[in-house]
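Here is a short report for a reader meeting this structure for the first time. Please look over the sequence and the model before reading on.

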Amino acid sequence: MILGAECNIWRRWTQIYQANRHISDYLYNNNKNKIAIYGMSELGVTLFKDLDKTDIQIVCCIDKKKRLDNMGIKTIIPSDLAMYHDEIDLIIVTPVQYWKEINKELKKYISSKTCVIGLDELLIRIVLEKY
């Protein structure tokens, strides 16, 4: 079952691609070239695949369940972020239904220059932006 928030994410993502726009273009145009993805379920893996072959560098992926799956996605737990805090411009959170808790936890381990955004908010910004 797809939750309401997740359904809205898929709808917006489709809308963006139907308009021939891309998440990577938005990130690049906003100087967010080195990112981390939080949450490696279906949305996180799809975002990884979407950005993997672009100029956007995926520094790491973050999940409470540290793992390395068959796609070779390096996944760390949130407390390991301290090793990467100067290398990441933006963390994109995919489990948006837990945004408040995740954002609060991530703030413990990142520098003040690293931004954190929910995937839903990122997609809204792309939809609203005029190219």
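## The largest pocket

In this predicted model, 18 residues line the largest pocket. Nearest its centre lie Tyr38, Gly39, Ser41, Pro95 and Tyr98. The volume of the largest pocket is about 340 Å³. Rolling a probe the size of a water molecule over the atoms shows where empty space is left.

What kinds of residues make up the lining of the largest pocket? Seven are nonpolar, four are polar and seven are charged. Two helices each supply at least two residues of this lining: helix 3, residues 42-52, and helix 4, residues 99-107. Helix 4 gives the most, with three residues.

## Helix 5: one buried side

Helix 5 buries Leu119, Leu122, Leu123 and Ile126. These residues cover an arc of only 95° around the axis, so they sit on the same side of helix 5. An α-helix has 3.6 residues a turn, so residues three or four places apart point the same way.

The buried residues of helix 5 pack against helix 1, helix 2 and helix 3. They also pack against strand 4 and strand 5 (115-118).

Glutamate 121 pairs with arginine 125, and their closest N and O atoms are 3.1 Å apart. The two residues are four apart in helix 5, which means that about one helical turn separates them. How accessible are the partners? Glutamate 121 is partly exposed, at 34% relative accessible area. Arginine 125 is also partly exposed, at 41%.

How many salt bridges does the structure hold? It holds three. One of them joins the side chains of lysine 64 and glutamate 105, at 3.4 Å from N to O. Lysine 64 lies in the loop between strand 2 and strand 3 (75-76), while glutamate 105 lies in helix 4, so the pair ties together parts that are 41 residues apart in sequence.

Glutamate 105 is at 19%, so it counts as buried, the cut-off being under 20%. Leaving aside residues up to four places away in sequence, glutamate 105 touches Lys64 and Pro78.

## A salt bridge between neighbours

Aspartate 52 and lysine 53 form a salt bridge through their side chains, with 4.0 Å from N to O. Aspartate 52 is partly exposed, at 39% relative accessibility.

## In brief

The largest pocket takes three lining residues from helix 4. Glutamate 105, in helix 4, forms a salt bridge with lysine 64.

Definitions and conventions. Residues numbered from 1 in each chain as written. Predicted model: local features only at pLDDT ≥ 70, side-chain atom pairs only at ≥ 80, totals over all residues. Heavy atoms only, no water. 1 Å grid on protein atoms, 1.4 Å probe; cavity = no way out; pocket = protein on both sides within 12 Å on 5 of 7 lines; lining within 4 Å. Points joined across faces, edges and corners; volume = space filled by probe spheres on them. Nonpolar A, V, L, I, M, F, W, Y, C, P; charged D, E, K, R; others polar. Contact = heavy atoms within 4.5 Å. Buried < 20%, exposed > 50% of the residue type's maximum accessible area, 1.4 Å probe, protein only. Arc of directions from axis to C-beta.
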